[in-house]
Structures are given as C-alpha cells and as structure tokens.
Amino acid sequence: MKNNKIVLLAVIAVFIGAWFYFDLGHFLTLEYAKREQLALQDHIAENPITSYISFFSLYVLATALSIPGASILTLLGAALFGFWTSLIMVSFASTIGATLAFLSSRFILRDWVQAKFGQRLTTLNQGIAKEGAFYLLSLRLIPVFPFFLINLLMGLTAIKAWTFFWVSQLGMLAGTAVYINAGTQLGKIESLSGIISAPVLVSLFLLGLFPLIAKWIMKVMENKKLYQQWQKPTHFDQNLVVIGAGAGGLVSSYIAAAVKAEVTLIERHKMGGDCLNTGCVPSKALIRAAHTAADIKNAAKLGIDAHIDNVNFAQVMGRIHNVIAKVEPHDSIERYSKLGVNCVTGDATILSPWEVEVNGDRITTRNIVIATGARPLVPDIPGLKTVDYLTSDTIWQLTALPKRLLILGGGPIGCELAQSFCRLGAEVTVVERSSQLLSREDTDAATLVEQALTSDGVNVLLQHNAVKFESIIDDNGVRTQRALLEHNNHQLAVEFDAVMVALGRVANVQGFGLEQLGITTTERGTVAVNQYLQTQYPNIYAVGDVAGPYQLTHVAAHQAWYAAVNSLFGSLKKFKVDYSVIPAVTYTAPELARVGINEKEAQSQNIDYEVTCYGLDDLDRAIADGYDEGFIKVLTPKGSDKILGVTIVGHHGGDLLAEFTLAMRHNLGLNKILGTIHPYPTMSEGAKYTAGIWKQAHAPQKLLAWVKKYHDWMRNSSRQK
C-alpha cells in the first residue's frame, strides 16, 4: 500500500512538473482565451463530440491536479458552448475533479495525518462526521475560500466521499453560474477581478450563510416539536434548578449564585454527595490510618524500634466520621444558603422541561441541571444477596475489622481499600477478571501496584470470576460464607467474613422524572449529553457521574462550570466542555497518577510516540525518604517535547502529576520544565530529571560535533599563543 501511495504521488508530481516545465499555464490566461476564441469555435463546429469530451477531460484534470486556470476554463467554456451546456459540463467536471483531488489527498495523507495529529483532531473528526455536509456547503457557497484547498483538506477528514461529491456539486453551482454568465461575454471582460463585483460577492456570502440559517431554522423547528407537548410557564421562579448536591451540583449552584441568578439546589439525602460521605473523603482518611500502620511496621528500616500492639478499628472508623464532620461545613446548607443558593432537602421530580416538584411544591425554572451521581454496581451473581456484601457506600458502617475480606474488582476503589484493610490487619483477597489490576493502565504501572499489594499481604487473584456465593450454617450454628471462583475452567472456593463489591458504578437516572420526559441515555446507562452538556432538551443539562464520561469528582466540578454558564448565558455564547487534560490518581502505595494518554491508548489510536522514563530510585529525596520505588513516564510525539501523557507510579505521585498537568494545559513542553528551577532535595525534581533524559536523547549531535571542533581549535590556539 505504501508503494501505491508513492506511485500515485509520483504520477501527480510528473503531471504538475510537466505543466510548469512546458509553461502550459499560458494557455489558461484571459488574453489567450480571448485571442483564440474564434478559432476554437470553428474547431468545435467541425468536431463537436471530440471537443466536448476534450474540454470535459481537461477540466477534470486541471481540477484534480489543483492547477491554476480553472476560472479561465470556465469562462472559455461559456464562450464556446453557451450558458446551459457549459454550466452542465463545468459543474460535473469540477465536482469529479474535486472528488479525485479529495480521494488522492485521503489516500496519500490521511493515515499519516490522523496518526500524527489524531488526538488533536478528535473534536474536528466528530464534528465532520456529524455535520460535515453543513460545513462543506458553507465553504463551497463562499468563493473566498480556494476550492482546491477545500478539496485537499476535506480529504484528511472523516467525511464520506459521496457526501463530499453531492455537496460539492450543489455548493459550487452558484459560483459556477456567475462565471459562466460572465463567460458568455468573454470579449468584454478585461480582468478576472471584474467578474465578481462587490454586490455579487456580498450575494454569494449571504448565500454561504444559507446552510447555517437553514440549520438554525431546523433546530428551532426541532425544538418546537420537542417541546410542543409541554406548556411553557409565562414566568419563572428560578433561573436554574439543580438536582443533586454532589460536586457537580454544588459547583453549578455556586456559580449561578455568584452571577446573581436565582438558583435552587435540591438534595434528597446528604449535602456533599458520594465524595464527602462515602467516597473521596472517608477513603482517604482510611488510607491515612493504613499508611501510618505501614510506616510503623517498616520503622525498623529507619533504625527505629516500633511495633503495633493493637489496631482499634472502631476508633479508626470513628476518626473517619469525624473527618467527614469536619469537612461537612464546606458543603453544608448553611454555607450555600449564605452564598445565595436556595437549598431544599427532599425528593425532586421533573414534571416538565420547566417544572420541578419537591415536597409538594412546584418550582418553575428556565433551566435544570441534573447532578444525581451514581451508585455502586451490584451484579446479579447467584447467592450474593444471601451473604454480608458491602459496597463503597456501606463499608463505612463497619465497626469491627473483618478477619477475612473478599473484594470483587481490581479497579481503583478495590485496590485502595484492599491495601488499606490489609495494612490494618485483615486478610484480604482481591478477585479480578482481567489479566492485570487497574486494567486501563499500562501494564508496567499496574504491575508495580500489584507487587506493592502483594508485598503488603493482599492475595491477588487475576483472571478469576465469581460465579456463586454460599452461606452455610452447620449443626453447631456456625455460619460459613464462601465464594466459588472460576479460573481456567477450574473452580476455587474462598471463605470470607465480609465481601465488598467494587465493580464500578451505575448512573442514577431513575426515580425523578427522566423517564416521563424521555431523556435519552447512552449504552453505558448515563444521560446522553452533547458537547455543551445539554440533553435533547436544550434547557436541561447533566453533569458528573450521571453524565460521564469520567467518574471523577474534579471532572464533575469541571463540567459544572460549563453547565452553569451555558444554561444561564447560552443564548449569548455557549462553551464546549474541554476534556483534553484530565488528571486521575489511584491512591495506593505507591500512588498511580496519570494525565493525558498512556501507551495503551496511544497504540489503540495509532499515535506515533516516544517514551521517556525516569526511575525514582535515582531521585535523592525518594532515596532519603525510603520511598524510591516507581517511575515517571512521559509520552511525546517523535522529535517533539510536547507532552501527550504522563504516568507516574510513586510516593505522592498525584502531587508530582500537577506540574505536568499544568504544562499540558498551557501547551508547555519538556524543555520548559527542564528550564524551571526545582528546589533540592524534593520529589518535584523528578519532573526536571525526566525532562533532562528527553533532552539528552534529543541532543543535536551534528551541532555538538562542530562545538567539539570549536573547543579543540580553542585549545590548540592557546598553545600557539
């Protein structure tokens, strides 16, 4: 296939080279066309069929090769064949030639362009796939944009060839007609610039706006049909109603209040959502206790004689609830009420696109933000409901440490809690279906986490699947709980005192009126939203876990800004949500932190990349602290210091990630990091040393060879003096 591309490129180059070498362009000048018009008309009269075919073929060739002179051919065709005949020939010849140029560009360049710039072109590709016909028609109708450039650039996108053909045929017709009409009076034309006067240009420009106007009209009609079954209120109590007081809901309502909008925030249970009450905050408090226990166990390595007499698990859990209580005021009704948010506790029901009911009261609102979050996925495994199963929501109710804890799922939640409970003294087994923990991460990074868990005493069972649970009571009344696992067609029984299900989370999309409105959901069960976070009802938005695509607290807060601003000011300006730089951390020891793409994703997207890796066992501060396991891995395009993605496995890896996240967000490369002073000795120096490794691998060897010659000359010159 590569050879075919080279051959095609060579053929095109030969044709274009011959065109300029033999100065064939002088045949396609206004002066030549006017001079030879009569002679050509005589030739056409004698050989009409041959003349038609020759002119048509020449026009196709000139357009396909993007050769200057198509305008002259159009004028000449009109003068020679008349308005209607030339309009038909030129219209089809130009479209066929443009399509050939389009296909040539696609065949020769698209794979390379998509491989090299695929990540940056994702949004463009999605837009072209969805609305490419509108974009192309607008460009075709406005003669400001060179047609040959449109042909070549559209070939690099995902637009279908047939769509390109018929839209080009339609879109170029108006401009072609203008030239054809002028060409019928070829003898009176003094210059090409005179063909399209200011009024004509304005007319064509307005014509170019037609697809956009048509699209707007279609959208208005679509919305009218969508809303026709609902009675829109004549006035509104609120500018915005937010359902759910997790991260997404809190930030949405905060922003609305900050810009002086009337906003109501409805929460059915506890302010702060999962993150405060059952997620981020309690899990990190548990991890803190587990880290302390591990530090005491490893104190002998630092020359300190210490040991743990007892872990008071009830006290550990008590502290966790105290931490929640201490953070709680940040997300409280009192705080948000002072900020100007009308906070209501109760079950919300969306009655119409503009009405929400809570506690028997109806609230009319211009816009609604759905931020109802997600809940733990509980699979339908036989016998699961007969045993004492826990989830990330209910595990915080424990007051006694389970002696044997079984965890289903080796994702971030499963790994974090498995290591923590093990460090606090439980016998922990993790069951994971795939061949590695943290299946979305690179194997080298996930392997380090697995080794750390195993070193702490966690029993990791990969490629195992739970098929059944049993709860058996013997004759003495002793209860035994066990899971039957399947591995390579063999079954294994694992006994436990408690089992935790950590197999992901399911969006909360039921029970508050979405079904009645017919709100669309995705295959993953999340609310379907567009790039502005709108549902199919433009005034209803969704953010956070209920919308996806990421189930991260900071992403929910990030989306909330867009939803709030778009809902309140969307009639003036809407903003597309930006997911280009999303950091995430798994809080095991060592932490696994990542931003951008990893090697798995780069390979799946056919991105050509380089890897720069720095081992933390070389970092002075890591060595001094005794946390020198792990690495920093940076992906860059070949030959460029632009950061595509970073994976860090190490102590406080999440904190180390911040510098790379900032660099990516503001398009700063590794050279900028290398040129930044980092305090010594700190873990942050790892970023600089990673950049240094990249720089060393990309040192300009030829230039350095000349520099060496310069230094040699300087030494020899000193001797002579």
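**Close-up views of ring pairs and salt bridges**

**View 1. A tyrosine that is partly exposed, Tyr 550, has a relative accessible area of 32%.** Here buried means under 20% relative accessible area, exposed over 50%, and partly exposed in between (1.4 Å probe, protein chains only). This is a predicted model, in which local features need pLDDT of at least 70, side-chain atom pairs count only at pLDDT 80 or more, and totals for chains, interfaces and linings use all residues. Residues are numbered from 1 along each chain as its sequence is written, and side-chain values use heavy atoms, leaving out hydrogens and water.

View 2. Rings of Phe, Tyr and Trp (its six-membered ring) pair if their centres lie within 6.5 Å; planes under 30 degrees apart are stacked, over 60 edge-to-face, and the rest tilted. That rule gives 11 aromatic pairs.

**View 3. Glu 441 and Arg 594 form a salt bridge.** A salt bridge is a side-chain nitrogen of Lys or Arg within 4 Å of a carboxyl oxygen of Asp or Glu, and the count comes to 21. For Glu 441 and Arg 594, the N to O distance is 2.8 Å. Glu 441 is buried at 13%, and Arg 594 is buried at 12%.

**View 4. Asp 442 and Lys 633 are joined by a salt bridge.** Their N to O distance is 2.8 Å. Asp 442 is buried at 3%, and Lys 633 is buried at 2%. Shared partners join Asp 442, Asp 444, Glu 599 and Lys 633 into one network of salt bridges.
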